[in-house]
Each structure stands twice: as structure tokens, then as C-alpha cells.
Amino acid sequence: MCSVKIECVLPENCRCGESPVWEEATNSLLFVDIPSKKVCRWDSLSKQVHRVTVDAPVSSVALRQLGGYVATVGTKFCALDWEDQSAIVLATIDQDKKNNRFNDGKVDPAGRYFAGTMAEETAPGVLERHQGSLYCLFPDHHVEKYFDQVDISNGLDWSLDHKIFYYIDSLSYSVDAFDYDLHTGKISNRRSVYKLEKDEQIPDGMCIDAEGKLWVACYNGGRVIRLDPETGKRLQTVKLPVDKTTSCCFGGKDYSEMYVTCARDGIGPEDLLRQPKAGGIFKITGLGVKGIPPYPFVG
Ligand SMILES: O=C(O)[C@H](O)[C@@H](O)[C@H](O)[C@H](O)CO
Ligand SMILES: [Zn+2]
């Protein structure tokens, strides 16, 4: 048995931390704070954080093969230049839905950037239903819409053989799978692979490990859970000292550590005394399983 250790490595007080991504080249963790409109990069060696502020809520960030990053900012797919702190718009979506913004996003194994939208919340979990869609930004910068009627677009990752796309619409309390065609980026045959139990609360961000099992951050559940998508069984629960765990990724040496983001917004003053590290970045070690490197956007 390995002993699991949980540590807050950065007391960032994120209002809504999300989209953790490990950048091996700089030994850094990238993440966003959505309502603060910030993309952050924490250097795990120097422990320094660099923050770039953009002009709208930023909901996901990903590596870019050309250098710099790509991010979903408001209703735009953008390219981020870290040195001059500029954001260039690559594509705009949901132009008919003024109250929408992007939410979680991730790059597929062929270098396409998948990201979904949602209506802006008036409070955590409170929003106009069915306003979101799932989109994909292709390397040539054209965008395709895959489906609509989404409440809170989240999750997302791909199976190790690239034949399955895993996805979460948070308010469905389900982790879903689609058949995936890596050559075209097309998805089909949606089904549920896991339904959350009541105390697991709301499924949010997700990542796959090197054994093909899924890790899901449970918003309000204060935990990450490890699922076997083939049997539909939960294999492990790791509880954190904060309730609003939002997303997770593997990083560190050989991707042997897990990083977890969380939110501070929506926690009352009394609860904050119980979870003073809410909004921090957490590192979990001793899981005994590794992750895989993130895919860069190739456009
Ligand atoms: O980051 C997200 O996925 C949403 O933007 C957040 O607002 C929360 O996770 C949501 O409130 C959970 O219900
Ligand atoms: Zn999320």
C-alpha cells in the first residue's frame, strides 16, 4: 500500500481555480482562476507564480506546439503570448448567446482544442439551464459544434488508445463516454459510464491516468475519485481539506504527482474557517499511479 499525502503547495485563494495543466519544459503547473480572469503559472522549483490577466473570464488553458499557450476567454478561443502578455483571438463562438461563456477545455491526442460553454452563473451551480454546447477548435482554426443543450460543460479526456472521448455535463451527475475517431475528431454513441453518488456531489474536471482509469474532481464533494470506465466501478476516493474541488491533472517527475484546483467562491465565512486553504493548489503524492503528458494544440 502506498501512503497518500496531500499538501497545499500554493495558497492562491482562487475564486474558481480550474484547468490544471503540467508543463514539463518549465517544471510548472498552469491553471486559471475563472472569475479573476487570470492565467497562472506556478514554477514547482522556484515556487514563483506568474499571472497574466485577460479581458474576460478565462476557463481553460492548454499548451501550444508553436510556443505560448491557447486559452478559452469569455466566448473566444485565444492564443496567449506569455512574454508580452497578449491574447490573440483565434475564433469566437455562441455569438447569439450574450450570457454564455466557455468552461472547461482540453486538447485531444491529435492537437485539436475541445471546449464547452455554459450560461454565466448567478451563484455557484445557479444558471439558466441547457444553454451550453461542446465545440472543437481545429488546427486550421475553424470551429465545429458537436452538440448543444449542455448545462455546465466539464470533464474531458481521451482513452489511452484514443478510441473513446470522456465528457461530463456536471448537472447530469454522470461521467459519459463517446466513441472517438481520432482522424476526423468525430464523436458518436454517447453513454454513461458512471453516475455520481449523493455525497460525491457534482462531477467537475477530469483526467485519465496511465492505466486508463479516470480521476474526477467532485465539486462540493471535497474529493477526487478514481473510476474504472469499463466496469463503471469507483476504485478509490481521495478526500481533500476543501469542499469545492474543481479539477485535477498529473504532473511532476514522470507525472507521478496529482495537482488539484478548487474554488473559494460560494463558501460562507464560517465554512472558510474550517477550510482556510480553499482556492489553493493541492498536490497529492503516493497514489501509486502515474498520469500522461498533456497534448499541445497544433495550430
Ligand atoms: O469551473 C466550472 O466547471 C464552473 O465554471 C464552476 O462554476 C463550477 O465548477 C460549478 O459551479 C459547479 O457546479
Ligand atoms: Zn470545471
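# A chat about the zinc site and its surroundings

Student: Where do we start?
Tutor: With the metal: the site of the zinc ion (ligand 2) is irregular, with angles of 89 to 167° among its four donor atoms. Keep in mind that this is a predicted model.

Student: Which residues are the protein donors of the zinc ion (ligand 2)?
Tutor: The protein donors are Glu18 through OE, Asn154 through OD1 and Asp204 through OD, and they lie 1.9 to 2.1 Å from the zinc ion.

Student: And how are the donor residues spaced in sequence?
Tutor: The spacing reads E-x135-N-x49-D. Glu18 is in strand β2 and Asn154 is in strand β14, so this pair ties together parts that are 136 residues apart in sequence.

Student: What does UniProt list for these residues?
Tutor: An unreviewed UniProt entry lists Glu18, Asn154 and Asp204 under "binding site". They span 187 residues in sequence, yet no two of their C-alpha atoms are more than 10.4 Å apart, so they gather at one spot. The lining of the largest pocket takes in Glu18, Asn154 and Asp204.

Student: Let's take Glu18. Is it buried or exposed?
Tutor: Glu18 has a relative accessible area of 2%. Buried means under 20%, so Glu18 is buried. Its strand, β2, covers residues 17–23.

Student: Which residues does Glu18 touch?
Tutor: Leaving out residues up to four places away in sequence, Glu18 touches several, including Phe31, Ser59, Asp104 and Thr261. Its contacts also include Asn154 and Asp204, and those two are donors of the zinc ion (ligand 2) as well.

Student: What about Asn154, buried or exposed?
Tutor: Asn154 is buried, with a relative accessible area of 2%. Its strand, β14, runs over residues 153–158.

Student: Which side chain makes a polar contact with the side chain of Asn154?
Tutor: That is Ser170, at 2.9 Å. Among the residues that Asn154 touches are also Asn103, Tyr167 and Gly205.

Student: What does the side chain of Ser59 reach?
Tutor: The side chain of Ser59 reaches the backbone oxygen of Asn103 at 2.7 Å. A polar contact of 2.7 Å also joins the side chains of Ser59 and Thr72. Apart from neighbours within four places in sequence, Ser59 is in contact with residues including Glu18, Val32, Arg101 and Asp104.

Student: Which side chain makes a polar contact with the side chain of Arg101?
Tutor: The side chain of Asn103 does, at 3.0 Å. A polar atom of the Asn103 side chain also lies 2.8 Å from the backbone oxygen of Ser153. Among the contacts of Asn103 beyond four places in sequence are Ser59, Thr72, Gly116 and Asn154. For Arg101, contacts of that kind include Pro57, Gly74, Thr117 and Glu121.

Student: New topic: where does Glu128 lie?
Tutor: Glu128 lies in the loop between β11 (113–119) and β12 (132–137). At 48% relative accessibility, Glu128 counts as partly exposed.

Student: Which side chain makes a polar contact with the side chain of Glu128?
Tutor: That is the side chain of Gln131, at 3.4 Å.

Student: And how many residues apart are Glu128 and Asn99 in sequence?
Tutor: Glu128 and Asn99 are 29 residues apart in sequence, and 9.2 Å apart in space from C-alpha to C-alpha.

Notes:
Residues numbered from 1 in each chain as written. Chains lettered and ligands numbered in written order. Predicted model: local features only at pLDDT ≥ 70, side-chain atom pairs only at ≥ 80, totals over all residues. Heavy atoms only, no water. Helix = DSSP H or I, 4+ residues; strand = E, 2+ residues; numbered from the N terminus. Buried < 20%, exposed > 50% of the residue type's maximum accessible area, 1.4 Å probe, protein only. Polar contact = N/O pair within 3.5 Å; in protein donor to acceptor, adjacent residues only side chain to side chain. UniProt positions renumbered as here; feature names shortened; annotations may be inferred. 1 Å grid on protein atoms, 1.4 Å probe; cavity = no way out; pocket = protein on both sides within 12 Å on 5 of 7 lines; lining within 4 Å. Contact = heavy atoms within 4.5 Å. Donors = N, O, S within 2.8 Å, 3.2 Å for Na, K, Ca; no water. Tetrahedral: all angles 85-135°; square planar, octahedral: opposite > 155°, others 65-115°.
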